[in-house]
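Here are my notes on this model. Please read them with the coordinates open.

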Amino acid sequence: MVMRRALFIGVMAVLLAGVGLTSGVQASFQVPQTAVDGTTVPKYVTPLAHFAGARIPAGNALAVSYHEFQHKVLPDSFYAALPATINPYPGINFNPQLGTYVWGFKVGGAPQYYPGFTVEAQKGVGTAVTYTNNLGTAVIPPILQRYITVDQTLAWANPFGLLPGNPARFAPYSGPQPVVPHLHGGEVRSDSDGGPDEWWTPGGEGFLSGPLAAPGGIRGPGYYKNIYDYPNAQEAANIWFHDHALGATRTNVYAGIAAFWLIRDQFDTGMVGTGLNLPAGPQEIEVVFQDRQFDTNGQWLFPDGYPGGLNGGPTNPSVHPFWNPEFFGDVIVVNGRSWPFLVVEPQRYRFRLLNGSNARVYEISVDDTPVPVIPPAPSAPPGPPIYVIGTDGGLLDAPAITASTPTNRLTIAPGERYDVIIDFAAFAGKTLCVTNTANGPFPGGPIVPDPLGTAGLLQFQVNATPVTDTSFDPAAAGACLRGGAGQPPAIVRLADGAGGINPAVTVNRKRQLVLREVMGPGGPLEVLMNNTKFGGLQEGTGVPIPGSSRVGVNWLTELPQIGTTEEWEIINLTGDAHPIHPHMIQFQLVNRQVYDDVGYTAAYDASFPVGAVIDGYGPPLPYNLVNTDGAIGGNPPVGLFLGTNPIQPPLPQERGWKDTILAYPGEVTRIIGRWAPQDVALNATTPGQNPFVFDPTYGPGYVWHCHIIDHEDNEMMRPYIPTKKADNSFAKFGGEIPGIIETLLLSP
């Protein structure tokens, strides 16, 4: 490993000397950085920043812009001890005492902030959001490009159009910054979804059919416009928006580009004493957990091999010089501040939780101790239970308790949200700790939460004076959130919650889809959805996956018919858990089940034409061939390898609408989804007819992917689009038309 790394450094030196500044040699690859030991950062000295009382109404129109600025993430005392000026690379000087350079949103009339100010939308009131990219200019890159390295050897936005094999792709990118915002969990038309090909650089704003303003930006192959139309027609929920540029999602989100988007209705009003009477006002707080690393000047450190990270450097630098399979940081950042505390009254609070980390999964409990104690003492009294009242797509029918015990913690993966209530009434005058016990990579990886660092997330300091609390009590006997008088209707049940599919549901199609890791000499090289590259061409060829349809510049195999219901069985062949996220719809978890991974892998490998696995070939069998399990997808039937392994029904907190779900290693994860709104009654849709308020078959299409965004950036993502046809193919106006042509119909 040492010899290979030394050889690589020598080759890189030659390449960089030859390509000069046009290759973009201005990144952390050239900015000397020394990592701060996260355990030495003072903890629980900074109050939690939050947006209660300061949320931005969405209204009918909203302006959101991307900016680079300095923000104090670490404790104020850390920055005060720094020099007044540093010169990280030639031509750039700045004052690190002002904070960490971050990227973030400026939302409406609020100031730019990390994370961006929360947007509050009303169900049924559409919002047109005008996004503007102010990260540098069309000719001057932002400062953080030098710190957070983009690996140009990945399938990425590639604004300069460098061809594969060009030596310049082995250098960090330096140029106009590509971005594209995605409303995660939003039911929107695909030209407003913010898919990875819809990116643009500063100055690239406007309708595709209109001219570029001088000096002009660069647009991705799926770009339509920068004004996104959000219908807000779905159920009240905690969704969020973040950047999604192809191959640069992990770097853009790491820099700070994320914010909450809350949808309200007459039941979930966000106002005290109304609707369901959920905790509101100062007692409703959004909380995003992220992990980060810092250098000794208080700047982001995103390991690219120079230096390496907590889990080493890039695994195969001769192929991907700066890509690491997963990022894990040693500093916990909550709402933009490291290890904050929150002073709470001894009453119920509603927390809108989000895991905004690159790769870290959290197992959360609230412990009756001011700092994490791992493992907890057997006699230690438990902290308050966490009552889950909602999932990614909205409220549960009834609260689900996740007790703060080692055997029942709340697991939240990257991209997932949970809506929870914690009652502090019995803990007046105490200091409590939100503790994390999840290893990384999850569930069995070697990176163990450190009691002096990543095992602690947030501290609650409970005031001693009792208060009167009349808000919704999830612990009350018979407490429910849906289906009663003055409540929203009960969840439309596609899955029965006990491990099966609701017998009243008509399943129109079943797919079996494989998650597979491709290994290189040094470790993971890439991770693939159904052994297929993002663009849908077989590895090393110009040949599309058999059975795929072209939409825009990509070849698609997942083409569900609009108005139908599908069951997807996700077969995880890798050693880690993956949070799987399909855009545009909410789905329900049916169950999980262990399979014989050794036996199935052998059958899978033997199914390829050469009798052994072919990386990036696509599935081994014809995609649309129905196997003996009744599934398409081109894979051997997994049913032969289930044996007597029991079905694992969803956990109580998973029995709601989801848009992101953990697929565990060695298991089949079964989900059921409809290409229809959540509240449409069972079997009330007609296959091929659109039940949405927009046309999901229009535009560049959507994607489904792993929300470990380091994986997503390196091929673990596939485009998909709903279709009007029943045969898993795509057609529009009577024949196949690349989606990009549709933009000719757009007008400003």
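1. First, a term: buried means under 20% relative accessible area, exposed over 50%, and partly exposed in between (1.4 Å probe, protein chains only). By that scale A428 is partly exposed, because its relative accessible area is 34%.

2. This is a predicted model: local features need pLDDT of at least 70, side-chain atom pairs count only at pLDDT 80 or more, and totals for chains, interfaces and linings use all residues. Residues are numbered from 1 along each chain as its sequence is written, and side-chain values use heavy atoms, with hydrogens and water left out.

3. A428 sits in the loop between β22 (417–423) and β23 (431–436); strands (E, at least two residues) are DSSP runs, numbered from the N terminus. Beyond four places in sequence, A428 touches P346, V462, N463 and A464 (contact: heavy atoms within 4.5 Å). Q461 is 33 residues from A428 in sequence, and their C-alpha atoms are 8.9 Å apart.

4. The largest nonpolar core has 100 residues. Such a core is a set of buried Ala, Val, Leu, Ile, Met, Phe, Trp, Tyr and Cys residues joined through side-chain atoms within 4.5 Å. V107, F241, W261, W300, F351, F424 and F460 touch the most other members. Strand β6 (residues 100–107) gives the most, with 5 residues. Another core, of 29 residues, lies apart and includes V527 and I562.

5. F460 has contacts beyond four places in sequence, among them F351, F424 and K430.

6. E526 lies in strand β26 (residues 523–529). E526 is buried, because its relative accessible area is 5%. Residues in contact with E526 include W323, R516 and E539.

Note on methods
Helix = DSSP H or I, 4+ residues; strand = E, 2+ residues; numbered from the N terminus.
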